[in-house]
Amino acid sequence: MNERLTDIWQKLSDHYADHDERDITTLFERPERFERFSRSCGDLLLDFSKTNLDEETMWLLKSLAAEAGLPEKIKAMFEGDKINTTEDRAVLHTALRAPADAEIMVDGQNVVPGVQAVLDQMSRFATALRSGEHQTKGGKKFTDVVNIGIGGSDLGPVMATLALAPYHDGPACHFVSNVDGAHIHDTLKGLDPKTTLIVIASKTFTTIETMTNAKTAIKWLQEALGEDVSEHLAAVSTAQDKTEAMGIPLSRVFGFEDWVGGRYSMWGPIGLPIMIAVGPDNFRAFLAGAAAMDDHFRTAKLDDNLPALLGMIGIWHNNVCGYNSRAVLPYDQRLARLPAYLQQLDMESNGKSVTLDGEWVQRKTGPIVWGEPGTNGQHAFYQLLHQGTYVTPAEFLIAAEAHEPELAHQHTLLKANCLAQSEALMLGRSKNKAREIAAKRGFEGDKLEEMAGHLSFPGNRPSVTIAYPKLTPFVLGQIVALYEHRVFTEGAIWDINPFDQWGVELGKELALSLQPLFEGGDASSKDGSTQGLLKKLT
Ligand code: F6P
């Protein structure tokens, strides 16, 4: 490893050793802590003042990012270099949201016109579907759309369609991902095949879950509509030969290139259900929000660069403080699926143990990402966040304004809860304060001391807050791109490849080998546990 880097890591860990006991609240004794430890970009404010970071830590983290080549790596990504080295691919989800007049070259060709052509094709299709111009086989308007896909071909559209519910004025959208027949059964049960469009979304068009669910859905359509159901089908894929084999007319196949990773793909045709739900203009506003964040990530210096800062804070908590998970806590019910979306984005990208050159990494890489919307989480797992023995940095998301003016008082309560949680995590409650409370509750002597133990909170638990005006399509685009580039920043510092996912292959292979064993195949080569379970489940 580069000696400068080793030196900076060492300085970070020394710095932490000198300050790990420091109370975050003492950092607020210096003037303008919030102003110095928060940054804005576009509509987003990132407050990281409630962390144990000080000027020296920030300086070391920026040195680390610079020494790890983050600025050069950002440039390489945006310029279409083949930074996904294990798959020999460029990484250009940013091209999907680039302005129409941008020029982004891959293998000597500007890819932007192609992206725009598909976007136009999607817009025409979505508009025709939403207006009723594109009709069902029986000449009716489509009422429902079922997207069949999994992972990156599901989580983004699910998350964004829910997030943008106030803008949803197109057909109802449903999502089937799990190969568990219960998922498609329960989804189709309430729908009318005569007015339902099935979108089969799969980058590779080979994923077993999606192909299996697609066959079930086609059968469901055929039972109601007869053999030819092509008018009720659309496909999104990079593999047009395979979509054709499934009988989907080319006019309803939306293609994209292999330089778009599955978990980075909702900005293009994988986002078709989002566009059908909220319309092409809102979808373009969503892209524009992400493009604004791209521009910021590409051009802002590290000191002001929101995604880079969020990444550095992640590195600090994970690698230096040793916190191995982070909780994403949107105080926004419509971001209920954001934690699940970020689990794939973050954990499939940075859940790696080797560096770009295939050597075992020297440090911990991607942390465990989890979360639920507040305030629900408060009544579930926040107990552990406040008084458990693990420290989990929390990431709060909150809008200044809701979409329901008539329920503004509820939104005020939501905001108060959000701020209360980050405050409580930081402040905690001292043993003395806990004694006072216990005394007021009538406890005395040993019992008072015992209760004081239960009523005290360690505090000093770090959190960041991302605040935005209102969850519009433009704001959502900024939030998601912020997280994408945060993942990139962390991956760049660890020198890993965030754009492949070899770790999911083995399970897929073994599932294929296990399937016949449920139909009487020879299981003798399997381990004892697997054999026992096979017996129990057959
Ligand atoms: O499980 C791995 C994975 O390849 C994800 O990266 C991807 O988003 C998902 O499967 C679905 O893949 P596809 O879009 O090719 O069906």
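This is a predicted model: local features need pLDDT of at least 70, side-chain atom pairs count only at pLDDT 80 or more; totals for chains, interfaces and linings use all residues.
User: What is the phi of aspartate 495?
Analyst: Aspartate 495 is not a glycine, yet its phi is positive. The value is about 60 degrees.

User: Glutamate 32 also has a positive phi; is glutamate 32 buried or exposed?
Analyst: Glutamate 32 lies in the loop between α2 (24-27) and α3 (33-36), and its phi is near 55 degrees. Glutamate 32 has 9 of them, so it is exposed.

User: Into which domains is the protein divided?
Analyst: Domain 1 is made of the stretches 3-68 + 300-427 + 462-500. Domain 2 covers 111-283. The remaining one, at 505-537, is domain 3.

User: How many residues does domain 2 bring to its contact with domain 1?
Analyst: The C-alpha centres of domain 1 and domain 2 lie 33 Å apart. Domain 1 puts 17 residues into the contact, and the number from domain 2 is 18.

User: Which helix gives the most to the side of domain 1 that touches domain 2?
Analyst: Two helices, α14 (338-350) and α19 (473-494), each supply at least two residues of that side. The largest share is 7 residues, and it comes from α14.

User: How many residues on the side of domain 1 that touches domain 2 are nonpolar?
Analyst: That side of domain 1 is divided by residue class. There are 3 polar and 4 charged residues, and the number of nonpolar ones is 10.

User: How many residues of β6 are buried?
Analyst: β6 pairs with β5 (residues 144-148) in the parallel sense over 5 bridges, and valine 176 in β6 stands opposite isoleucine 148. β6 is largely enclosed by the rest of the structure, because the buried residues number 4 of the 5.

User: What is the average twist in the open sheet of 6 strands?
Analyst: The order of this sheet is β1-β2-β13-β12-β10-β11, with mixed pairing. Its edges are β1 (38-41) and β11 (368-370), each with a single partner strand. From one strand to the next, the twist averages 15 degrees.

User: Which residue in β13 is the bridge partner of leucine 397?
Analyst: Strand β12 (residues 394-399) and strand β13 (residues 463-468) run parallel and are joined by 6 bridges. The partner of leucine 397 in β13 is isoleucine 466.

User: At what angle to β12 does helix α16 run?
Analyst: Helix α16 (residues 408-427) lies across β10, β12 and β13. Another helix, α14, lies across β10 (325-331) and β11, at about 165 degrees to β11. For α16 the angle to β12 is about 155 degrees.

User: With which residues is isoleucine 315 in contact, leaving aside its neighbours within four places in sequence?
Analyst: Isoleucine 315 belongs to helix α13 (residues 306-320). It has 24 other C-beta atoms within 10 Å, so isoleucine 315 is buried. Its contacts beyond those neighbours are Leu61, Glu490 and Ile493.

User: Which residues come nearest to the ligand?
Analyst: The shell around the ligand has 2 nonpolar, 9 polar and 3 charged residues. Of the 14 residues there, the nearest are Gly151, Gly152, Ser202, Thr207 and Gly262.

Technical notes:
Residues are numbered from 1 along each chain as its sequence is written. Domain bounds come from an automatic or database domain assignment. Two residues are in contact if their C-beta atoms, placed from the backbone, lie within 7 Å. Ala, Val, Leu, Ile, Met, Phe, Trp, Tyr, Cys and Pro count as nonpolar, Asp, Glu, Lys and Arg as charged, and the others, Gly among them, as polar. A residue is near a molecule or strand if its C-beta atom, placed from the backbone, lies within 6 Å of it. A residue is buried if 20 or more other C-beta atoms lie within 10 Å of its own, exposed if 12 or fewer, and partly exposed in between; C-beta atoms are placed from the backbone. Two strands pair if DSSP finds at least two bridges between them. Axes are lines fitted to C-alpha atoms, for helices over the stretch in contact, and angles run from 0 to 180 degrees between N-to-C directions.
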